[in-house]
Amino acid sequence: MKIVHVISSLSIGGAENFVVQLANEQSKSNDVSIITLRNTDPNKNYIDQVEDTIHLYQLGWTKKYSMKQFIHLYSFISKITPTTIFVHLHNPLYYVYGISILRPKISYIHTIHSSFENWKLILGYLNKLRFINNRILHVCVAPIIYNQLQEKLPKLRATVIPNGIKSHHPERAITEIESFWSSFSRSQKKGQRFLAIGNINRHKNYKLLSMSFKEVYKIYPKTICVQIGRETDTILVNELKKINSPNVFLAGPQKNAADFLSEADALIVSSIQEGMPIVILEALSMGVPIISTPAGGIKDIIKDGENGFIIDDFEISSLTSAIIKFIELPQKDKKMMAANARSCFEQYYEIKKVSQSYQSKSA
């Protein structure tokens, strides 16, 4: 089978990580290509993780939309002659939708990586156009996203396939990881360590995280939370600095950020909107429990009290209570929670199983 993945870039991000991992798995038995439309961040990207057997084409577009670019992509794909096109994120979907009208014999699969709210507008357009073309299969990465799509737009072709990854194994030496954590510690005696991974934007809701840990500090001052990610919203960054939580540290972007989970007690997610975050799967694969808000597909992953804690709302008091509840768990219960996290990953989210599910849908 000839497979093509179309995505905006391979800069650091959950969808980009997933595309590389899925393409790598597919390349074991298929001819696979990845086409990036726009420029990839030269310093923070997944390009070095792409298998040598995969054809990587970087088009380097500078405009968001143009007919010239559409013709360029159409000609490029026509030369590759794929049997299946996988499309990811908003901008590529507009272009691939047009191609699906002109090349009806190709199988088209679109993965919805984030919440239904983020896709409601464009999917509404495609629903109105379904009488012209309804060839694209929309893959929801979590049941909650699928249920919302089915409720609002039941005529669109859709299914559920959860995100998946290969088990994460740190590339950094343990001494480097420990040094990273020690650089944020305010005490020689190690307290509980929490890690948050994601770019600083409104969806990640880091104000909730900072205010919650400020409350935790009053009871457990040695507990720390390190946040890794790009500062994409400078106004929000300034708001976080004004909160001035003494136990929350902004570490900036880090390549292979999941490496630092190996010395974390738990991953913490404070998001308002999510699909099925790759970082949660990385944590599960490493046996790291998760404490999270009830955002998007996360509710389908975390079993409260088993592989982590998931709160009922987005309130400071709720997240603070969950963090303290985890801190106060007996060590044997924390070990059981870690084992459950690993077992959950192996059962549902290993990339080989996910790839097989995609294969069955594209046949």
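Residues are numbered from 1 along each chain as its sequence is written, and side-chain values use heavy atoms, with hydrogens and water left out. In this predicted model, local features need pLDDT of at least 70, side-chain atom pairs count only at pLDDT 80 or more, and totals for chains, interfaces and linings use all residues.

User: In what order do the 7 strands of the open sheet run?
Analyst: Strands here are DSSP runs of E, at least two residues, and helices are runs of H or I, at least four residues, both numbered from the N terminus. Two strands pair if DSSP finds at least two bridges between them. Pairing in this sheet is parallel, and the order is β3-β2-β1-β4-β5-β6-β7.

User: Which are the edge strands of that sheet?
Analyst: An edge strand pairs on one side only. From one strand to the next, the twist averages 20°. The edges are β3 (55-61) and β7 (158-160).

User: Which residue in β4 is the bridge partner of valine 6?
Analyst: Strand β1 covers residues 2-7 and strand β4 covers residues 84-88. They pair in the parallel sense over 4 bridges. The partner of valine 6 is valine 87.

User: At about what angle does helix α1 run to β1?
Analyst: Helix α1 (residues 14-26) lies across β1, β2 (31-38), β4 and β5 (107-112). Contact means heavy atoms within 4.5 Å. Axes are lines fitted to C-alpha atoms, for helices over the stretch in contact, and angles run from 0 to 180 degrees between N-to-C directions. The angle of α1 to β1 is about 170°.

User: How do the axes of α1 and helix α13 lie to each other: roughly parallel or roughly perpendicular?
Analyst: The axes of α1 and α13 (residues 351-362) come within 9 Å and cross at roughly 80°. Angles under 35 degrees count as roughly parallel, over 145 as roughly antiparallel, 65 to 115 as roughly perpendicular and the rest as oblique. So α1 and α13 are roughly perpendicular.

User: Which residues of α13 make the contact with α1?
Analyst: From α1 come Phe18, Gln21, Leu22, Glu25 and Gln26. From α13 come Ile351, Lys352, Val354, Ser355 and Tyr358.

User: Which residue in β9 stands opposite arginine 193?
Analyst: An open sheet of 6 strands has the order β10-β9-β8-β11-β12-β13, with parallel pairing. Its edge strands are β10 (248-252) and β13 (308-310). Within it, 5 bridges join β8 to β9 (residues 224-228). Opposite arginine 193 stands isoleucine 224.

User: What is the volume of the largest cavity?
Analyst: On a 1 Å grid over the protein atoms alone, a cavity is a set of points where a 1.4 Å probe fits but cannot get out, and lining residues have an atom within 4 Å of a point. Points are joined across faces, edges and corners, and a volume is the space filled by probe spheres set on them. The count comes to 3 cavities of 30 Å³ or more. The largest has a volume of about 90 Å³.

User: Which elements give two or more residues to the lining of the largest cavity?
Analyst: Residues lining this cavity include Ala196, Ile197, Ile268 and Val269. The elements are β8 (193-197) and β11 (266-269).

Terms used: On a 1 Å grid over the protein atoms alone, a cavity is a set of points where a 1.4 Å probe fits but cannot get out, and a pocket is an open set with protein on both sides within 12 Å along at least five of seven lines; lining residues have an atom within 4 Å of a point.
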